[in-house]
Amino acid sequence: MDRKVIELDEGWTYMQKGITKLKRILEELPEPPFTGEEYMMLYTTIYNMCTQKPPHDYSQQLYDKYREAFEEYITTMVLPSLREKHDEFMLRELVKRWANHKVMVRWLSRFFFYLDRYFIARRSLPPLNEVGLACFRDLVYREVNSKARDAVVALIDKEREGEQIDRALLKNVIDIFVEIGMGHMESYELDFEGPMLLDSGAYYSRKASYWILEDSCPDYMLKAEECLKRERDRVSNYLHSSSEPKLVEKVQHELLVVYATQLLEKEHSGCRALLRDDKVEDLSRMYRLYHKIQKGLEPVANVFKQHITSEGTALVQQAEDACTNQAASGASAQEQVLVRKIIELHDKFMEYVNDCFLNHTLFHKALKEAFEVFCNKTVAGTSSAELLAAFCDNILKKGGSEKLSDEAIEDTLEKVVKLLAYISDKDLFAEFYRKKLARRLLFDRSASEEHEKCILTKLKQQCGGQFTSKMEGMVTDLTLARENQTNFEKHLKENPNVTPGIDLTVTVLTTGFWPSYKSFDLNLPAEMVKCVEVFKEFYELKTKHRKLTWIYSLGTCNINGKFEAKTIELIVSTYQAAALLLFNSADRLSYSEIMTQLNVNNDDLVRLLHSLSCAKYKILNKEPNTKIISRTIFLSSTISSQTE
């Protein structure tokens with residue numbers, strides 16, 4: 001049975017009744033909701049009119065009527081209601097009309113669903129939902145968007161001034177700018193975001209021009225930080241999330257970039273003053289504000305560098321002045337104090353780098369460049385490399401002035417090695433350090449072998465294995481020397497017929513590891529010659545490939561001096577012992593006789609005899625009794641009988 005044909009006018013008249021009912025519901029007029037039967041009849045009417053055989057297939061006409069229904073409603077109801085309202089009232093009406101329009105689109109799209117499913121798909125036409133929204137965009141949005149934007153921007157500025165506003169309303173209005181783009185952000189960006197950013201820039205430009213004159217640097221930064229926080233809060237509450245980086249950048253530019261120089265260089269409260277007064281919290285805030293700005297931290301780091309350079313240079317100058325005004329011993333103490341103060345300065349500003357500036361590479365670089373300036377200055381003619389080596393020696397030797405716990409010593413050594421990184425001539429430090437290490441090791445002045453190894457490990461990590469290879473060799477040599485001495489003593493016990501005559505301790509060193517020492521062909525007393533020969537014979541049993549060179553200047557002897565009052569044990573150098581032992585066979589000797597018997601040069605003999613006859617304890621009597629050592633003098637022993 002053929003279905004009755006529905007003509008266009010007849011069918012559309014029926015559809016208009018349903019559309020009118022929908023409009024009355026949207027206008028909040030008395031109207032019962034759609035029943036399921038009404039909905040099905042409206043849907044079926046469209047279906048039937050679209051599935052009739054030509055020429056009664058009215059799909060195209062119904063597609064056009066769908067658009068006309070929206071246009072008629074907008075023209076007669078929506079636009080008049082918007083045109084009669086202004087500012088916030090207009091915004092509320094716009095939000096309401098947009099919400100109603102979306103409801104209308106949803107319902108009519110259901111009634112006309114068959115068009116979407118078949119007709120529109122086959123013809124590649126815009127879908128019903130898009131047509132409905134486009135009607136609002138073309139007829140309503142394009143007329144009112146500039147007024148809506150201005151009203152929203154005005155409300156934002158009111159909120160910035162501390163007034164309470166309806167944030168939910170703003171969120172709904174801004175959603176219209178986003179949704180009207182139907183998946184694209186051009187409408188939001190061009191019609192709202194761009195002008196809003198311009199207004200924000202102008203607003204903060206006005207504020208900044210006033211604050212920079214009235215506020216201290218810390219107060220200004222507090223305000224700037226609070227403004228940035230509020231703008232981010234604004235985005236999270238009602239602006240689109242894509243606006244945050246642009247809005248923050250705009251506020252940063254007006255508040256922080258434009259006035260960066262004035263802010264950082266404020267006379268009594270700028271960056272220099274904050275560093276001078278240890279305003280850690282304010283410096284941290286300065287870092288937080290400027291680290292997100294491109295090249296924003298460079299001027300801060302530059303001031304940081306200048307401040308450290310100034311502080312360090314002042315310390316060096318103080319030490320220089322103190323050394324000039326004091327004796328040599330006092331000058332040495334001042335140099336030790338200087339290194340300690342520089343370590344403290346480094347600790348202080350490294351803490352700034354770590355805590356205030358969150359380990360940013362720019363501030364590490366600034367710190368390094370600043371310390372390189374004053375860490376390479378000389379103090380009273382002494383290079384920084386020598387100062388640092390002397391400071392280490394004072395910590396590591398027995399009886400040094402630095403009385404520290406093991407933990408404190410290790411911590412201090414760590415800091416010294418960090419300072420070494422700023423010294424330009426590290427090889428010079430290595431040379432000074434090696435000489436002092438040699439004295440500590442050879443004369444048993446090292447307080448702790450563990451600490452010696454500890455600093456060598458740190459130096460190796462800082463400067464590489466080649467830097468410490470000789471020093472490590474020296475420490476190893478001492479260990480081997482102790483083993484060698486033990487073997488020598490064992491050899492003597494096992495061979496009772498081999499006797500050196502006196503107790504002998506020999507430290508065998510590897511030439512390449514140790515500093516160069518002068519070696520003279522000293523004529524040893526017979527007592528010493530015998531024990532040297534005994535050790536040489538023992539050593540040659542162990543190795544045929546190493547030659548022993550005796551460094552008498554590094555030796556010490558314990559001898560018994562039998563003075564009239566009592567016998568006193570004297571600890572003297574090998575040269576002094578050799579000179580004193582000459583007086584076992586003579587009561588009085590001339591300068592020339594001593595020189596001949598010992599086979600030493602004039603300069604060394606002058607120093608040797610001066611130490612024995614002109615020092616605090618005069619072991620030898622000198623004629624004439626003056627402070628001058630010359631070739632014409634005679635010496636006699638104050639010891640009543642032989643030295644042993």
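Helix H8 runs over residues 186-214, and its 29 residues reach 41 Å from first C-alpha to last, close to the expected 42 Å (1.5 Å times one less than the number of residues). This is a predicted model, where local features need pLDDT of at least 70 and side-chain atom pairs count only at pLDDT 80 or more, while totals for chains, interfaces and linings use all residues. Residues are numbered from 1 along each chain as its sequence is written, and side-chain values use heavy atoms, with hydrogens and water left out.

**Helix H8**
- H8 bends by about 40° at Glu-193 (the angle between axes fitted to the seven residues ending there and the seven starting there), and Pro-195 follows within four residues.

**Around Glu-231**
- Glu-231 sits in helix H9, residues 217-237, and is buried at 0% relative accessible area (buried is under 20%, exposed over 50%, partly exposed in between, with a 1.4 Å probe and protein chains only).
- Beyond its neighbours within four places in sequence, Glu-231 is in contact (heavy atoms within 4.5 Å) with Arg-160, Tyr-204, Leu-247 and Val-251.

- Most residues other than glycine have a negative phi, and most peptide bonds are trans.
- Pro-54 and Pro-55 are joined by a cis peptide bond, with omega about 10°; Pro-55 is in the loop between H2 (36-51) and H3 (59-83).
- Leu-358 has a positive phi near 45° and is exposed at 55% relative accessibility.
- Asn-359, in the loop between H15 and H16, has a positive phi of about 60° and is partly exposed at 42%.

Key:
Helices (H or I, at least four residues) and strands (E, at least two) are DSSP runs, numbered from the N terminus.
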